Every structure is written in structure tokens, then in C-alpha cells.
Amino acid sequence: MRQDASMTAPCVVIAGGHGQIARHMIELCADRGIDAVALIRNPAHTDEVTAWGARPLVLDLEQASESEVADALSGATAIVFAAGAGPGSGAARKDTVDRGAAVLLAAAAESAGVRRFVQISSFGAGEAVPASADENWAAYIAAKTAAEVDLRARDGLDWTILRPGRLTDDDPSGLVTLSAGQIPKGDVSRADVAAVIIALLDSPGTKGTTLMLTAGDSSIAEAVKAL
């Protein structure tokens with residue numbers, strides 16, 4: 001992706017650009033006049049992503065080189081890692097997507113000189129996995145934790161890590177609990193996660209923070225401002 005240096009409109013690149021959080025983000029970007037670029041693995045998703053309001057860019061983060069990804073990020077003002085192997089995948093793909101693709105995207109962002117980086121993680125990341133957890137959940141949490149550790153070590157990025165609770169497809173409420181400290185487990189809609197991410201992109205005070213997110217009682221604007 002190349003963007004003329006004279007262009008001033010913000011450009012957000014979303015990895016996992018065909019996912020449901022990405023769909024909500026793309027629609028919010030369109031409403032705000034933000035140029036959204038959706039990184040997608042499957043060319044068959046191009047028309048759907050375009051209909052949502054994004055510019056699709058076919059790029060497989062499990063196969064691409066760092067230089068190829070960096071070239072795709074050139075001209076962006078912010079990057080969001082919203083990709084995931086998905087609930088039907090095994091432990092191997094948890095590692096190659098939830099860890100490997102996140103690490104690759106962060107490295108490419110540094111190479112491309114794009115500082116603002118928001119990474120979607122998960123409740124449970126950074127914590128010990130219970131012995132009773134199944135193999136796929138343990139692999140998922142291990143991958144998310146490793147991706148977080150890698151991102152925190154990157155001085156070339158203004159990063160924010162967002163750990164949402166259990167994701168739902170409920171309509172957006174606009175009311176959340178967002179905290180840099182531990183909060184009780186809870187659900188949160190994918191639509192509200194997307195809205196929080198859009199708000200975080202313009203919130204310099206959240207750089208270098210790891211945030212927990214569930215549904216709550218505060219408006220998204222108030223919750224982000226309180227940080």
C-alpha cells in the first residue's frame with residue numbers, strides 16, 4: 001500500500017480484515033472519514049470487505065516476509081492486529097497466527113515507520129493456564145502471551161494491548177468497563193470492542209498500556225478519557 005505524502009486523511013491498516021471486529025471497525029472508519037485497509041488472506045473476501053467500506057489487500061501473514069508486509073503498511077498512520085486462527089483451528093495455527101502473525105506485523109510496522117499499533121489480545125493472557133484447560137485453549141493463551149511480550153519490547157512502536165472478555169455478537173451498547181488493572185471476567189460485544197479500538201487510536205495517553213475490557217456502565221468516550 002502506498003499513500004501520497006500530501007494526503008492527510010488517517011489510514012488504518014487492519015490485520016484480520018474479514019473478521020467481525022474488523023467489519024465493525026471498517027464501518028466506523030467509513031463514518032469518520034478514515035481510510036481503512038483490510039489485510040485479508042482469502043481473495044474471495046475482497047468484494048465483501050469492499051462493501052463494508054475498506055480497501056482490501058490480499059496478504060497472508062502466515063506466508064509473507066517482513067519486507068512484503070512492511071511495504072503493505074507504508075503510508076499508514078495506525079495498525080490494528082485483529083487477526084486470529086479462530087475457534088476451529090488447532091494448536092499449531094494458534095501459534096502461527098495469534099503469535100507468529102502478530103510478531104511479524106509488529107516487526108513490519110517498525111520497518112515501515114508506522115508507530116501507532118493496537119493489538120487485540122484476550123483475557124487470560126499473561127496468566128498461568130489452569131492444568132484443566134484443553135490443549136487448544138492453552139495454546140491460544142500461550143500464543144497471545146508471547147505476542148504481548150514481543151510487542152512490549154518494541155521501542156519503535158507506540159503500542160496498546162487490548163484484552164477483551166468473552167466476545168459476543170450482541171448489538172453495541174456503547175457502555176464498557178476499561179481498565180489498566182484487573183477487572184472481573186465478563187462479556188463484551190465485538191461491536192463495542194471495535195468502537196473502543198477506534199477511540200484508542202486517537203488517545204496518546206494509552207500508549208504503552210495493557211487494558212482489560214468488558215461490558216460496563218461507562219460510555220466509551222468517558223472510559224478512554226479516564227485512562
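Arg166 and Asp187 form a salt bridge, with 3.0 Å between the closest N and O atoms; the term covers a side-chain nitrogen of Lys or Arg within 4 Å of a carboxyl oxygen of Asp or Glu. Arg166 belongs to strand β7 (residues 166-168) and Asp187 to strand β9 (residues 187-189), so the pair ties together parts that are 21 residues apart in sequence. Helices (H or I, at least four residues) and strands (E, at least two) are DSSP runs, numbered from the N terminus.

Arg166 is exposed, at 54% relative accessibility, whereas Asp187 is partly exposed, at 36%. Here buried means under 20% relative accessible area, exposed means over 50%, and partly exposed lies in between (1.4 Å probe, protein chains only).

## Model and conventions

This is a predicted model, in which local features need pLDDT of at least 70 and side-chain atom pairs count only at pLDDT 80 or more, while totals for chains, interfaces and linings use all residues. Residues are numbered from 1 along each chain as its sequence is written, and side-chain values use heavy atoms, with hydrogens and water left out.

## Salt bridges at helix α4

Across the whole structure, a search finds 13 salt bridges. One of them joins Glu62 to Arg93, where the closest N and O atoms are 2.6 Å apart. Glu62 sits in the loop between β3 (55-58) and α3 (66-73) and Arg93 in helix α4 (residues 91-112), so this pair ties together parts that are 31 residues apart in sequence. Glu62 is partly exposed, with a relative accessible area of 29%, and Arg93 is partly exposed as well, at 30%.

Arg154 and Glu110 also meet in a salt bridge through their side chains, at 2.7 Å from N to O. The two residues are 44 residues apart and link distant parts of the chain: Glu110 is in helix α4, and Arg154 is in the loop between α5 (135-152) and β6 (158-164). Arg154 is buried, with a relative accessible area of 14%, whereas Glu110 is partly exposed, at 30%. Salt bridges that share partners join Glu110, Arg154 and Asp150 into one network.

## Confidence

The average pLDDT of the chain is 94, and 96% of the residues score at least 70; pLDDT is the predictor's confidence in each residue, from 0 to 100. Over residues 3-7, pLDDT stays under 50. For residues 3-7 the model has four contacts beyond four places in sequence, a contact being heavy atoms within 4.5 Å.
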